[in-house]
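Please keep the structure open as you go through them.

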Amino acid sequence: MNIHEYQGKEILKKLGVNVPLGFVAESVNEAIEAAKMIKKETGSDTFAVKAQIHAGGRGKGGGVKIARSLDEVKTHAGEILGMTLVTHQTGPEGKLVRKILVEQGIYYKGESEPEEFYMSVLLDRSTGRNIIMYSTEGGMDIEAVAEKTPHLIFREQIDPAAGMQAFQARRIAFNLGLNGNAFKQMVRFVTALYHAYEKSDASMFEINPLFKTSDNQIMAADCKVNIDDNALFRHQDYLDLRDIHEEDPTEVEAGKFNLNFIKLDGNVGCMVNGAGLAMATMDIIKLSGGKPANFLDVGGTANAETVEAGFRIILKDENVTAILINIFGGIVRCDRVAQGVVDAYKSIENISVPVIVRLQGTNAEEAKVLIDESELAVHSAISLQEAADKVKELV
């Protein structure tokens with residue numbers, strides 16, 4: 001589950017990670033009040049006004065601005081709130097900004113020059129261990145750093161039995177070129193960050209930039225936090241952090257019916273039971289010349305209601321020119337799926353795309369009778385290859 005920057009920072013702060021003081025705002029007046037509170041607490045006359053969307057590259061798109069007075073906070077908040085922010089991660093359609101984060105300015109003069117680093121904590125699936133990935137090149141896309149200067153990316157593997165060790169935190173601070181108080185602060189920061197990663201059951205923490213202030217304080221100037229969905233039962237309070245405005249509407253609707261749905265950019269809608277069968281179905285569609293428009297797993301308890309809901313969700317995609325239903329009846333009964341297909345045809349007007357149905361397994365014969373007697377424009381198939389050939393013929 002993705003969450004906003006301000007929500008991620010609240011989690012980090014509660015678990016001992018140093019973050020700038022900031023407050024979320026949904027209006028210009030709230031932004032001004034937030035800036036006043038920051039000034040009262042820190043004495044800072046500089047503020048960062050940051051759009052809150054689930055995407056990176058906000059600064060380049062005009063979603064992050066520095067204000068040096070309350071008047072500038074008012075101006076920037078008015079410009080950012082309600083804007084459609086387009087970044088390299090949102091696509092050309094962009095995302096509507098509903099909230100902003102007003103934060104204390106951390107670029108100020110002091111005893112040394114400020115520095116920006118990159119740091120992330122995530123699972124390395126090839127080794128089955130958590131790793132801390134870090135670089136001196138903060139503020140940049142890590143992909144660009146990996147491409148142009150891969151020698152500047154460091155990795156620290158964490159033994160799951162031993163956990164994060166003090167010498168590893170010191171090695172990270174050393175590799176980042178720090179010394180003195182900044183070195184000590186970085187050791188504390190890294191230790192707290194890894195602790196927060198484990199305690200929150202996150203699947204990823206990305207701090208970019210990880211900031212060293214001019215008075216040698218280490219702060220998470222920005223953060224991207226992804227919480228493992230499978231661990232949310234241990235963090236009931238995190239469920240309230242979900243922002244459905246940032247999610248694909250069709251995926252949100254699918255979730256209401258317990259459908260596993262992911263929208264893709266193809267032209268053949270897929271409805272399958274089981275993730276493995278779904279992957280095989282998408283592969284054979286691709287091999288037959290089509291392109292999957294979605295991943296839709298109706299699960300092992302599919303019935304007429306969920307099948308109809310799946311139909312409606314698939315048909316919302318204007319790019320879909322055919323639908324392939326591929327069900328293997330083990331736990332799920334094929335006749336229930338067939339009844340769902342028939343009910344969907346009767347209740348949904350103007351289904352103008354061809355529908356290819358392959359039902360095998362439990363009650364497959366009864367399902368075929370239901371489809372045949374319905375007199376609907378549904379194309380039956382026995383084998384998966386036959387279904388793919390029909391897709392190729394009809395699309």
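1. Let me start with the cavity. The largest cavity is lined by Thr 250, Phe 261, Lys 263, Ala 293, Asn 294, Ile 313, Ile 314, Lys 316, Asp 317 and Val 320. A cavity here is a set of points, on a 1 Å grid over the protein atoms alone, where a 1.4 Å probe fits but cannot get out, and lining residues have an atom within 4 Å of a point.

2. Before going on, a word on provenance. This is a predicted model, in which local features need pLDDT of at least 70 and side-chain atom pairs count only at pLDDT 80 or more, while totals for chains, interfaces and linings use all residues. Residues are numbered from 1 along each chain as its sequence is written, and side-chain values use heavy atoms, with hydrogens and water left out.

3. Back to the cavity: a search of the whole structure turns up 1 cavity of 30 Å³ or more. The largest cavity holds about 50 Å³ of space, the volume being the space filled by probe spheres set on grid points that are joined across faces, edges and corners. Strand E13 (260-263) and helix H9 (304-315) each contribute at least two residues to its lining. By type, the lining has 5 nonpolar, 2 polar and 3 charged residues; Ala, Val, Leu, Ile, Met, Phe, Trp, Tyr, Cys and Pro count as nonpolar, Asp, Glu, Lys and Arg as charged, and the others, Gly among them, as polar.

4. For the overall picture, the chain has 12 helices and 18 strands, taken as DSSP runs numbered from the N terminus (helices H or I, at least four residues; strands E, at least two). Its C-alpha trace spans about 80 × 50 × 40 Å along the principal axes. Of the 395 residues in the chain, 49% are buried (under 20% relative accessible area with a 1.4 Å probe, protein chains only; exposed is over 50% and partly exposed in between). Among contacts between residues at least 6 apart in sequence, 67% join residues at least 24 apart, a contact being heavy atoms within 4.5 Å.

5. Next, the rings. There are 4 aromatic pairs in the structure, where rings of Phe, Tyr and Trp (its six-membered ring) pair if their centres lie within 6.5 Å, and planes under 30 degrees apart count as stacked, over 60 as edge-to-face and the rest as tilted. Tyr 107 and Phe 211 form a tilted pair, because their ring centres are 4.5 Å apart and their planes stand at 55°. Tyr 107 sits in the loop between strand E6 (100-104) and strand E7 (115-124), and Phe 211 lies 104 residues away in strand E10 (residues 202-212). Phe 211 is buried, at 0% relative accessible area.

6. Tyr 134 and Phe 154 make a stacked pair, with 5.3 Å between centres and 20° between planes. Tyr 134 is buried at 1% relative accessible area, whereas Phe 154 is partly exposed at 24%. Elsewhere, ring pairs link Tyr 194, Tyr 197 and Phe 205 into a cluster.

7. Finally, do look at Leu 232, in the loop between strand E12 (224-227) and helix H7 (249-256). Leu 232 is buried, with a relative accessible area of 11%. Beyond its neighbours within four places in sequence, Leu 232 contacts Met 1, Ile 227, Tyr 238 and Leu 239.

Technical notes: On a 1 Å grid over the protein atoms alone, a cavity is a set of points where a 1.4 Å probe fits but cannot get out, and a pocket is an open set with protein on both sides within 12 Å along at least five of seven lines; lining residues have an atom within 4 Å of a point.
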